[in-house]
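Subject: Structure handover

Hello,

Here is the structure I promised to pass on to you.

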Amino acid sequence: MISAARAERAPALVALVALMASAPASAMTLGEAYARARDHDPAMAVVQAQYDAERESGRAERGTLRPTLAAAGGYSYANTQSDGVFGRSDDTYPTWSAQ
């Protein structure tokens, strides 16, 4: 026959065994624990955002040191009318410009 102390512990032992059997066993390394804590820390998110903003502002400042190139151009037709020694002349010719 089972003693009274064992009978009282039996339901707790059965529950513990059932819990261990139902949940998959997985261990977390220290590095994984640190990464999870870092990823969910609001203060760390603020520091990361400030770091990213400073990196981007540095890139923008370096961009002002580089040479720039600008180009412009145009194309059109010109119509001219002239009265000369040989009579009236109507001319249409293309014009262009570049800078």
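A salt bridge here is a side-chain nitrogen of Lys or Arg within 4 Å of a carboxyl oxygen of Asp or Glu. By that rule the count is two. One joins the side chains of Arg-88 and Asp-83, at 3.6 Å from N to O; both of these residues are exposed (over 50% relative accessible area; buried is under 20%, partly exposed in between, with a 1.4 Å probe and protein chains only). The other links Arg-38 with Asp-39 at 3.8 Å, N to O. Arg-38 is partly exposed at 35% relative accessibility, while Asp-39 is exposed at 55%.

A word on the source: this is a predicted model, where local features need pLDDT of at least 70 and side-chain atom pairs count only at pLDDT 80 or more, while totals for chains, interfaces and linings use all residues. Residues are numbered from 1 along each chain as its sequence is written, and side-chain values use heavy atoms, leaving out hydrogens and water.

Now the strands (DSSP runs of E, at least two residues, numbered from the N terminus). S1 covers residues 73–84 and lies largely in the open, because one of its twelve residues is buried. Twelve bridges join S1 to S2 (residues 87–98), and the two run antiparallel; DSSP must find at least two bridges for strands to pair. A hairpin connects S1 to S2 through two residues, and Gly-74 stands opposite Ser-97 in S2.

Best wishes

Key
Helices (H or I, at least four residues) and strands (E, at least two) are DSSP runs, numbered from the N terminus.
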